Amino acid sequence: MRNFDFQNPTRIIFGKNTIGRIGQEIRRGGHKLILVVAGSGSIRKNGVHDAVIDSLRKSQLTALECWGVQPNPTLAKTREIIEVAARAGVDAVLAVGGGSVIDTAKAVAAGVYVDDIWKLFEDRKPVMRALPIYTILTLSATGSEMNNYAVITREDEHKKWPIGGPALYPRVSIVDPSVQSSLPWEQTVNGAIDTISHTLEFYFQGGGETTLALDESLLRTVVSMTDRLQKNGQDYDARASLAWASTLALNGLSGTGIGDGDWATHGIEHGLSAVCPDVAHGAGLGVLFPAWILYCQDANPASFERWAKNLWNADTVEDGVAAYRAKIKAWGGAVTLKELGVKEDQIDTIATSGFGTGVNGVIKKLSIDDVRRILRSAFA
Ligand code: NZQ
Ligand code: ZN
């Protein structure tokens, strides 16, 4: 077990009917003019927007709303919102949505303090200054509600890069799992696969038994709760357990005593969704993680064999991967790049973009040729 520092300053308010508390939470922070960041309108249909605005109004807060953040959020949209935020002089940022909305809100919160937000991505230094960030989570997947990362795509250069730093932890995040019953099934699956992938990025490094056992528990819970939701999308307890597993998978806890994680698969997936923005992050990981496992298993065989045995009751890593792929298929997800609509002649561009994230693995340090081979093996 490795030494570690663990601190997570985000306060989580979790459960049914909790969204109405956001006004008093922001008010307690001493803020008055709030920038509300939102996506394409799902929060209008499921009542979340009304609940948020009502709560802000009751706490005598003024809301300035910026809509239209897309999945795989862009630098252009981030810049547009930074301008609005800076011009208005907002006191805090409230993200209402999934990971794309939260990440955009985080980048905006940091962006008001710098001349060019993209420079923060290029510098790869910790972000130390940002407006206070609050979130209402509507899709459990990324863990962004309780971590200090944001991922944004610079479209003109096919770069989907992360920023991180102490200033990017939300102060308060509200997770009401009941509002996720309006999710299309494939988004629930994408969230489950992203959560599994976050856990695996740490797990395969091996480490202290406490965290490995916690990670196995998260992995099992995600699979069984997603199975339950496939039968009944209104199953609140399954939705809530999946949501909490998703937060825990990337809030720092799932890596304690293990290390910083591998993250090569995430780097490659960010390349994939930078080049093919219609590919959802979780869907891309469902294709790439099994391919990466098969390619890298010799680098740390005991960990991969343990995963196959403990998660899938399989005697070989190949059988474990086959079982994981079968589960993704049973959920209706894709297991090849071809199914995601990727063209074979895009593989080189994806490899270059994914390799350019600079996140090229710890368990096995990948060259760009390794990345190409992994992508080719995942093609069909
Ligand atoms: O645009 P709206 O109307 O909000 O609709 C969204 C969007 O179309 C919809 N949705 C969200 N909640 C809903 C809902 N529809 C119905 N009912 C609800 N309750 O779902 C669609 C996808 O939303 P999005 O925010 O894109 O999904 P997700 O939460 O999976 O976020 C993915 C983004 O986060 C990044 C990914 O790369 C990707 O760009 N990540 C962020 C990380 C982080 N900050 O720590 C780590 C991750 O590894 C990941 O890279
Ligand atoms: Zn992810």
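Visitor: Which residues coordinate the zinc ion (ligand 2)?

Guide: This is a predicted model, in which local features need pLDDT of at least 70, side-chain atom pairs count only at pLDDT 80 or more, and totals for chains, interfaces and linings use all residues. Residues are numbered from 1 along each chain as its sequence is written, chains are lettered from A and ligands numbered from 1 in the order in which they are written, and side-chain values use heavy atoms, with hydrogens and water left out. Donors are N, O and S atoms within 2.8 Å of the metal (3.2 Å for Na, K and Ca), and sites may look incomplete because water is not among the atoms. At 2.0 to 2.2 Å, the coordinating residues are Asp194 (OD), His198 (NE2), His266 (NE2) and His281 (NE2).

Visitor: How many residues apart in sequence are the parts that Asp194 and His281 tie together?

Guide: Helices (H or I, at least four residues) and strands (E, at least two) are DSSP runs, numbered from the N terminus. Asp194 lies in helix α7 (residues 185-203) and His281 in helix α11 (residues 281-296), so the pair ties together parts whose separation in sequence is 87 residues.

Visitor: Is Asp194 buried or exposed?

Guide: Buried means under 20% relative accessible area, exposed over 50%, and partly exposed in between (1.4 Å probe, protein chains only). The relative accessibility of Asp194 is 2%, so Asp194 counts as buried.

Visitor: At what angle do α7 and helix α10 (residues 264-275) pack?

Guide: Axes are lines fitted to C-alpha atoms, for helices over the stretch in contact (heavy atoms within 4.5 Å), and angles run from 0 to 180 degrees between N-to-C directions. The axes of α7 and α10 are 9 Å apart, and the angle is about 140°.

Visitor: Which residues of α7 and α10 make the contact?

Guide: Two donors of the zinc ion (ligand 2), His198 and His266, are among the donor residues and also take part here. From α10 come Ala264, Thr265 and His266, and from α7 come Asp194, Ser197, His198 and Glu201.

Visitor: Where does Gln60 lie?

Guide: Most residues other than glycine have a negative phi. Gln60, however, has a positive phi, near 55°. At 60% relative accessibility Gln60 counts as exposed, and its place is the loop between α3 (48-58) and β3 (62-66).

Visitor: What is the relative accessible area of His158?

Guide: His158 also has a positive phi, of about 50°, although it is not a glycine. His158 is found in the loop between β6 (149-154) and β7 (159-164). His158 is partly exposed, its relative accessible area being 32%.
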